[in-house]
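Hi there,

Here is the structure I promised to pass along. Have a look at it first, and then read on for what turned up in it.

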Amino acid sequence: MDYLLTLIPVVFVLLAAASSTKKETDVTLFSKNYTNALKSICCIIVVMVHFPPLFQNRVQDLIGSFAYVCVTLFFMISSYGMELSVEKNPDYLRHFWRNRLVSLLIPCAIVNLFAYAASMLIKGSDTPADILWTINSYVLILLEYCMWFYCIQLMRRKLNITKHWIVDGLLIAGVVASSLFLYLPGKNDDTGVAMGWCYERYGLIWGILLYRFMPRIKDWLTGHRQTKLILFIVLSMLLGLAYLKYKTVYFYGEYLLKIILGFVIIVFLLLVTIGREYGNRIIIYLSAISFEVYLIHGFVIGSLEALAPELSSGKFIILAYAITVIFADVAHRISKIFVRRLRA
């Protein structure tokens with residue numbers, strides 16, 4: 001029963017995504033509807049990895065092991081969108097920081113208020129005040145990349161750099177350097193490495209490359225697709241088994257192999273989904289609240305653990321998802337009011 005209850009959220013979102021598809025007449029990749037479907041699936045899977053040990057089970061652990069790929073996809077979608085916007089919208093940089101800060105920090109602030117209020121009800125005066133101004137690590141990494149992206153784009157305009165490979169190369173170098181800077185000294189600091197997501201931030205690079213080489217990538221994905229699907233299934237399985245064996249090997253195993261495995265899984269996912277058009281009300285809804293789901297699920301899980309420690313694993317997981325979606329919906333509706341008013 002625990003396994004069945006654990007599967008419900010993931011099966012639900014996968015069925016919702018699958019039922020919304022139809023064959024495209026003109027093959028596209030990374031359209032708005034496509035990324036909506038990705039964000040919907042990814043936000044559900046990411047939650048799965050954060051349940052406390054008391055409420056974990058084998059199904060939860062199996063699904064949660066793909067969470068780092070989902071975070072990689074979130075970063076990939078973000079960097080792809082920034083590349084698209086800066087080259088299609090001449091005024092994008094003019095309002096860049098205003099729009100970025102509003103979109104990222106307002107939902108974060110509202111979720112912090114929710115978390116503080118919930119903690120006050122449960123813990124009373126023991127609630128730490130710093131909950132109110134804590135910035136989520138995912139938001140911090142995006143802000144870090146936004147700063148680098150903005151500086152490079154300003155330099156491109158000031159120096160009139162016309163060669164894309166120079167700009168893209170500098171952006172990629174910044175991501176790689178930040179990842180290695182975090183990982184190499186962090187051999188004995190697993191918490192710092194995990195919170196900085198030195199593996200997952202490579203999604204920022206995949207987004208840059210996807211935008212720059214979109215026509216070639218689309219042609220490659222659609223040509224001899226069945227053969228490539230089989231090849232990447234085998235590659236994913238072999239690399240997955242290799243990672244299980246060598247994930248404790250410093251750098252080559254736990255760093256390079258994990259990044260390559262994530263990349264291969266993403267290519268496999270693109271091969272599976274290309275050529276289909278996505279979009280229904282469930283997918284659009286889950287995509288809209290996906291950021292708030294990510295921000296809010298931690299405090300929901302923590303609060304539920306304190307209030308109902310006697311629940312079985314499956315009941316705890318399904319209840320945590322239900323409460324997370326409800327709170328995320330409320331937080332999204334409130335933040336949307338402010339974001340609409342403050343965005344340029």
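C70 is buried, with a relative accessible area of 5%. Please keep in mind that this is a predicted model, so every value here is computed from it.

Which cysteine sulfur is closest to that of C70? The answer is the sulfur of C42, at 3.8 Å. A disulfide needs the two sulfur atoms within 2.5 Å, so the C70 sulfur is too far from that of C42 for a bond. C43 is buried as well, at 2% relative accessibility. By the same rule, the disulfide count comes to zero. C43 is in no disulfide either, and its nearest cysteine sulfur, again that of C42, is 8.0 Å away.

Now to the second largest pocket, which holds about 1,300 Å³ of space. Its lining is made up of 41 residues, and those nearest the centre are K32, K39, R100, S103 and R343. By class, the lining has 19 nonpolar, 14 polar and eight charged residues.

Which helix gives the most to this lining? That is α4, with nine residues; α4 spans 67-88. Helices that each supply at least two lining residues also include α2 (32-48), α5 (96-123) and α6 (137-158).

Best wishes

Technical notes
Residues numbered from 1 in each chain as written. Predicted model: local features only at pLDDT ≥ 70, side-chain atom pairs only at ≥ 80, totals over all residues. Heavy atoms only, no water. 1 Å grid on protein atoms, 1.4 Å probe; cavity = no way out; pocket = protein on both sides within 12 Å on 5 of 7 lines; lining within 4 Å. Points joined across faces, edges and corners; volume = space filled by probe spheres on them. Helix = DSSP H or I, 4+ residues; strand = E, 2+ residues; numbered from the N terminus. Nonpolar A, V, L, I, M, F, W, Y, C, P; charged D, E, K, R; others polar. Buried < 20%, exposed > 50% of the residue type's maximum accessible area, 1.4 Å probe, protein only.
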